[in-house]
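Reader: I would like a close look at a single part of this model. Keep it brisk, please.

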Amino acid sequence: MRNKILLLGALIISIHISAQKGNLNKDLTSYVNTLQGTNSKFELTRGNTYPTTALPFAMNTWTPQTGENGDGWKYQYFKDAIHGFQQAHQCSSWSNDYAVFSLMPITGKLVLNDKERAAKFSHDNEIAKPHYYKVEFDNKITTEMSPTERGIHIRFSFPKSEEAFVVIDGYTGTSSIKIDQKNKRITGYVRNGRGMHRVKGFKNYFIMEFDKPFQAIGTWENRNGNKKESNTFDEGEGIGAYIKFKPGQTIQVKVASSYISPEQAQLNLENELGKYKKLEQTTNAAKNVWNKHLSKILVEGGTEEQLKTFYSCFFRASLFSRKFYEINKDGNPYYYSPYDGKVHDGYMYTDTGFWDTFRAQFPLNAMLYPEMHGRYVSALLDAYEQCGWLPSWSFPSEAGSMIGNHAISLLADAWAKGIQTFDPEKALEAYYHEATNKGPWGPANGREGWKEYYTLGYVPYPKYREATAKTLEYAYDDFCAYTLAKTIGNTFYEKVFERQLYNYKNVYSKKVGFMRGKDIHGEWLENFNPYEWGGPYTEGNAWHYVWSVFQDPKGLIDLMGGNENFNKKMDSVFTVSNKVNVGTYGGKIHEMTEMQMANMGQYAHGNQPIQHMIYLYNYSEQPWKAQARAREVMEKLYNSTENGYPGDEDQGQTSSWYVLSALGMYSVCPGTNQYNIGSPVFEKATISLENGKQFVIKAQNNNQSNVYIQSATLNGEDYSKNYIEHQDILDGGELNFIMDNEPNKQKGIQESDKPYSLSAQ
């Protein structure tokens, strides 16, 4: 009997091991749902994403369009009709899009207007993967798409016996169309998007090559629907084209575009799509790219839903920032600059807002793709040369949205992690200019309230909007400049920025225990209410901003009267009422609704300011609470469905928070070389690094109940710290956790176990 039990046990273990190995060999794209977060609207965000068909960090993405032309909510899951398939670059519904054009298959009567031509569909007839999108309309037209970096391969399959058309829509701005019927080719350009008046030469040149002859052609204008039959060229506002095909055919079209020239668009088409005759070839190539990319992090031992959530988030984190450069005929990179309108040699990236992405998305890039990240941070200084300002929100030029001067965070973080591809003296010079001037393009282009910030030690409210939030983020940015200057021995800039490192203290009111608005005379604002949104805060309230001291959690702990008071305050975030006072917003904004739906008190994970807060328990001798809360947020607020996010996804930031946190770490203070330790979701994660080494994170006894770290070893040695350094990861090796359902309250409580704090140095 004993032998039978042993044999049965061995068989169970063998099956489990085989299942784990099968996990590793599985097509990782099968876990990705690009519809994650698409069930969003103005009043309530579940991600504000669209089903992106693209390669990692590609210049262009493609998506079905359920909204009307110009609608920032370009795809909403609850809608049942598609207006077209468009080239997209959108970061956020709130910023809309640029350089857009679309194609739409039509059967029966030719209908041109984007509202009237919309075709009904069901999600049951939709496949949404990174490398392949497919939908069958109720009218029996099927559309399939697979991407390259600067192009797309599309296949339209039309029903028999019905007229067949493809409509090209020039979208919201100026466009041009030229139809070459003999060679089955359409070329042209579009120029649309916000802020384009500053870049007068900006155009997105496109080329489309079809594999079936045109039976009839024409151009049309989408403002009033006027069409010109048999016309082969037109230019103006909203100019598009239509093509008629023989009924019942399957039509393939290859599309590519360029910001540089029509000739470069042709070259992009040849280089990226020329060798693929059938869509299946493009699909397989794109699938291979994605599987190679996603396999940089192989996770094992989670539930099926956890795997889907992880790889869907990893996919989304791998879209931003986008390549804005192209490859010339000699194989070298060059780009049209959205900053000065000229063509330059080298690399350029765009489509991100640093207020969101400095926190996790760029630290994740620094870990996984240091070569690309090195090019990226170097290109920040090229942008500075070309427009006179460091970018803060590039889309595709500098928009200046949100608050803070966080380009310096990217630069300092890269330097601290050994990515030293730029001139640090030039970086400090650029940041000094940023921090002592106000630019013309939005609140984060330069610095609003910079004079008062330096002379008073804070930005006064109500003289400046969101002044307390700005004070806190300026102090963090100055810390990044200070550390970079100190590291390279530049004493001038070290002293300049050293004066502001503790400016966060100037807006902390011990009386109320929060960061608070202060006027130009040094008086606190009256009638303080920590539940009140807006005013001196950005998209949040005092509960959210009291934690915005990334560089000095110990200093914040001291302000609050020590660890016990600090931990009580942290605990109370999750236990107080989730009530909302709309404050200066005058009405409920979606971030308020999302916080209340999360039902975690005043913890508002759907927006960025508080996303690091959970990990601050690592500084206050209760790291087990960071472990439990991180797992709670991942389990409760994320999933792989159309409702997959607790708020705006924001250019990969909210996804990157999940990816890092699921690995058991998070970047509380970019600009240092540390990642805070949390609680890993999976039993094993293998990170394959660019240097050829692997860093393996194991969590023995891990499950949805065993969220607490009992003990840890790093490469076989006992490890008690609440952080791990970037170099430890780059060196490869193994971080091993023993997990349990009860916390080890003696682990991670020594001073030497705590992550970096300015006051502790």
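Which residues of α18 are buried?

Author: A word on the basis comes first. This is a predicted model, in which local features need pLDDT of at least 70, side-chain atom pairs count only at pLDDT 80 or more, and totals for chains, interfaces and linings use all residues. Residues are numbered from 1 along each chain as its sequence is written, and side-chain values use heavy atoms, with hydrogens and water left out.

Now the helix. The buried residues of α18 are Q653, T654, S655, S656, W657, Y658, V659, L660, S661, A662 and L663. Buried means under 20% relative accessible area, exposed over 50%, and partly exposed in between (1.4 Å probe, protein chains only). Helices (H or I, at least four residues) and strands (E, at least two) are DSSP runs, numbered from the N terminus. Just after α18 comes G664, with a positive phi of about 100°.

H544 belongs to helix α13, residues 542-545. Its relative accessible area is 3%, so H544 is buried. Beyond its neighbours within four places in sequence, H544 contacts W533, M595, Q602, A604, P609 and I610. Contact means heavy atoms within 4.5 Å.

Q249 sits in a loop, between β16 (239-245) and β17 (250-258). Q249 counts as buried because its relative accessibility is 17%. Not counting residues up to four places away in sequence, Q249 touches F156, S157, F158 and K212.
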